[in-house]
Amino acid sequence: LTKQKVKWFEEEYPDLSKHNNHMAKVLTKDIYAKLRDKQTPSGFTVDDVIQTGVDNPGHPFIMTVGCVAGDEESYEVFKDLLDPIISDRHGGYKATDKHKTDLNFENLKGGDDLDPNYVLSSRVRTGRSIKGFTLPPHNSRGERRAIERLSVEALTSLDGEFKGKYYPLKSMTDAEQEQLINDHFLFDKPVSPLLTCAGMARDWPDARGIWHNDNKTFLVWVNEEDHLRVISMQKGGNMREVFRRFCVGLQKIEEIFKKHNHGFMWNEHLGYILTCPSNLGTGLRGGVHVKLPKLSTHPKFDEILNRLRLQKRGTGGVDTASVGGVFDISNADRLGSSEVAQVQLVVDGVKLMVEMEKKLEKGEAIDSMIPAQK
Amino acid sequence: MASSFSRVLSSKRNIGILSLVGGSVTAGFLLHREHVSAGAAVRRRYPASAEYPDLRKHNNCMASHLTPAIYSKLCDKATPNGYMLDQAIQTGVDNPGHPFIKTVGMVAGDEESYEVFADLLDPVIKERHNGYDPTTMKHPTDLDSSKIQSGHFDERYVLSSRVRTGRSIRGLSLPPACTRAERREVERVVVDALAGLKGDLSGRYYSLTQMTEKEQQQLIDDHFLFDKPVSPLLTCAGMARDWPDARGIWHNNEKTFLIWINEEDHTRVISMERGGNMRRVFERFCRGLKEVERLIQERGWEFMWNERLGYILTCPSNLGTGLRAGVHVKLPLLSKDARFSKILDNLRLQKRGTGGVDTAAVGGVFDISNLDRLGHSEVQLVQTVIDGVNYLIECEKRLERGQDIKVPPPLKQFK
């Protein structure tokens, strides 16, 4: 590098002195200088990758990722930056590690008998990106519309328990909108600067929409933070059924996309490729809304969750508070273990915690039940 | 000499072969990006018809003039910096507008945007600036404050006087498109020049990244501090990127001459004081501007200006003079008169609340300023404000005495 070029890289290097996110921890001047000249075949640059992390310094207690991928190739072209971030975020996952995908619901043990007096609802979600298109931070209107077209074609060809309807955001009626809100299905234009600074809200609501089956147990978001977000859910504690429907539905959809030569983005190192590095691997969050008023106030609650590889959220989802002792409990991991393994952790962990709750109700101690680290 | 930054390429969307218009790549070096093929297919290209935005629910100047034909003609073009049409119109696509308020709906990423995208910008400019035709007309620049007549208002009515404009540094991209290095260069060039101001203009720079809490509080109390933009009109155009890097405020010791650096434009220049001495405010404005221009020219830089469009700024609404001259004036009776809006209209004035654009008036006090920016000189616009505000005060006095008022005949326009 000539002296002039070196000085220029320094001039472009962001001021990360007040930042607390994974990108800021990893992005040294050397890495920046090395990557600054590169771009993916679609023209995504390292500045595009990190913009959201530069604009959102983060929180002293919460570590956000601070970067996004603009396309499948981003994870390759910018690996000097993204591999260490992935390792930090996903428990030391190495550049040489392989990720296991297992969507065979029959491999799940149990999961159909979570006590509905405690477990109010069960849900599994993931995301999928369609090969050959760039991702939401980068895609053009033409691409986004093509993604919508392909997705709608695939989804409307489903039948049986998966027969359903697509509601495009820009032309839904007031009545449809009201119903989707009441069903807790409707997603809004992103307001979080984590997403808007990454360019994901451009051209809203063009080519965005919601598809769901007539039974309202299988739902797909099109062109929100990822190409597709796929959700299976129902009231009560039959996680096994939710997971069955999840796996079957996903595989049916994938078959149709493959027929059109647009399979899902996947590789054996990173699993399913999604916009945010935090969602690599399975992209799966399997969880329940469960009543744990006593256990949640127990001093070892957080440690128990940690050992079970689970996380808690409020009933409004991420960054919300719990109401009435009801918590959203889900798997903490995404990369390095399979879908079956992650849902198994949720099923086993929630079952154990419900038993602990019952013990605490009877005034008994739970110390002997505290599990070893999973 | 103008540094090697003047054409540093930070080009982003080099999709396929772009027709680079105006190719005057001056000093500096072109950055060649390696096209690393990581195995997958080249990005799919779509015809213009598949990319054309859905503007059916939109009400802004861009939406009114962006036909599919114009989009098709311009969508593959890029400025020498790599700025493209989709970027210029993004803010207008993302913000459909309001049925009563017509926003511009697009921005320029650099000086060349106004050439490369002229097929869209010229009609937008014509609509926004009341028929000014950039293809045939010339914009007059006149910063000779000695030409002003009268200009000292009745201070029982006028509480404060202010003149503002913007200036862009030629050779560096504008806020929607600039890289961090370019933005920092703007800061360096301007702060360096301002350090050369003397006498009543001598002052100090406060960088947003380094100001102390005490300095911040003082700037807030003085009503000088600007915040990170929250309006989606600005954020969707990319102007808040990397905040608060390379942003800051400079003001003179007397707190009557103030410059914002790297907010919506490279610089916003403000002259102000309490009371009604608009004449003195404008004198200081012109003197300060000319002095700053001299200081940057000494260092090999200049402002973006041409005879078609006057001073080049980020938003097409601020072309020409970029000038807004205004007062805070008490008009409790006149503002309740049904003819108030018509009077303002004919005088080529606009009213705002005392918090600035999109705020409400408090206690009958209004912010009254010129409507026009392009096609009239600075001297002409300030004179219009002086004459107009004097007329409004006369009306207020007549209403106080129980006398009737008259709606003045409309001032001449180009249309």
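1. In chain B, the side chains of B:Glu307 and B:Lys138 form a salt bridge with an N to O distance of 3.8 Å; the term requires a side-chain nitrogen of Lys or Arg within 4 Å of a carboxyl oxygen of Asp or Glu. B:Glu307 sits in the loop between β9 (305–306) and β10 (310–311), and B:Lys138 in the loop between α6 (118–128) and β4 (158–167), so the pair ties together parts 169 residues apart in sequence. Helices (H or I, at least four residues) and strands (E, at least two) are DSSP runs, numbered from the N terminus. B:Lys138 is exposed at 58% relative accessible area, while B:Glu307, at 43%, is partly exposed. Buried means under 20%, exposed over 50%, partly exposed in between (1.4 Å probe, protein chains only).

2. This is a predicted model: local features need pLDDT of at least 70 and side-chain atom pairs pLDDT 80 or more, whereas totals for chains, interfaces and linings use all residues. Side-chain values use heavy atoms, without hydrogens or water.

3. B:Glu298 and B:Arg294 also form a salt bridge, at 2.7 Å N to O. Both belong to helix α10 (residues 278–298) of chain B and are 4 residues apart, about one turn of the helix. B:Glu298 is exposed at 52%; B:Arg294 is partly exposed at 39%.

4. A salt-bridge network links A:Glu12, A:Arg36, A:Asp47, B:Arg180, B:Arg183 and B:Asp242. Over all chains the count is 63 salt bridges.

5. B:Ser271, in strand β8 (residues 267–274) of chain B, is buried at 0% relative accessibility.

Key: Residues numbered from 1 in each chain as written. Chains lettered and ligands numbered in written order.
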